[in-house]
Amino acid sequence: MAYISKFKNDVAYSNTDINEVISAITGSGVLPLSPNDILANVAESGVTLADSRCAVTWANDDLSEINIGPGTVIMPDGSYIIISDEILSVPAKTKHYVYILNDIIHQNIPVCSSSLPDSTQSYVLLAEVENGEITDKRTLAKSKIADYGTRPVVNTTLSWVGAGKVAAGSVIASVDIGTAYSTAIITDESKSFVGIYNLDTGVFDFSFLDGFKTLGSGFASISTPYGTLTPKFINGALNITVGQSYTYTSSVIYTLKLTLF
């Protein structure tokens, strides 16, 4: 077999087995005791990591066999299967489903079948095969416990040296945050303002100032103690620009905190 099924109910495992997968998907913290409970509580079922992990491809030229590529699949109960390269036969040209099955009898086994399991069985679908075509159906295993405070946080400092004037439209800070996120909660150190900025639409879904004055939604800029600032997300970078000309009388160091979702 080109796969290893782990955390099965009738098999004993060492702390090395448990530590290996837990350390790959979460940091330290308080979690349930059971290995399956830990995985089931910190990660949705699905394929771990991205790109070609557990991708289904043809294994031969006559399209009678498929190959499940290397990777790890976490099941809904927290058990998991490590696949190296598993080859399964496709007995007919009719529609077939490639999935990992986990029930009382079959604990985490690769299957290629003309039907999906019934509602009493647990499975993770990888692909559909029909008329020589493979349709990718993999689901990426995602964290269940990530929340505000556990998301990536980026700080950027805006500085003015001496007295002077900043012209409207000037870029005073630029933060490279990549393209994996759709929302940034923007606050400053004193929490004098909070803005939920939508990276896709370029406007604030919600914002308020000083914890009292609600500014509402749909704004492209937000007022701060140091003038109006306008975030602009372009090619993975969040640029902070001055929304209007602002004159300052002394040096300023102003830090923004971006929590990414």
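How many bridges join E8 to strand E9 (residues 107-113)? I looked this up and found six, with E8 and E9 running antiparallel. Strands here are DSSP runs of E, at least two residues, and helices are runs of H or I, at least four, numbered from the N terminus. I took two strands as paired if DSSP finds at least two bridges between them.

Notes on the source. This is a predicted model, where local features need pLDDT of at least 70, side-chain atom pairs count only at pLDDT 80 or more, and totals for chains, interfaces and linings use all residues. Residues are numbered from 1 along each chain as its sequence is written, and side-chain values use heavy atoms, with hydrogens and water left out.

E8 and its partners. I noted that E8 and E9 form a hairpin with four residues between them. Ile100 stands opposite Pro110 in E9. I then checked strand E10 (residues 122-130), which pairs with E8 in the antiparallel sense over seven bridges. The bridge partner of Tyr97 in E10 is Glu128.

Burial of E8. I used buried for under 20% relative accessible area, exposed for over 50%, and partly exposed for values in between (1.4 Å probe, protein chains only). Seven of the seven residues of E8 (residues 96-102) are buried, so the strand is largely enclosed by the rest of the structure. His96, Val98, Ile100 and Asn102 point one way, Tyr97, Tyr99 and Leu101 the other way, and all are buried. In a regular strand, side chains alternate between the two faces of the sheet.

Whole chain. I counted two helices and 23 strands in the protein chain. Of its 261 residues, 40% are buried.
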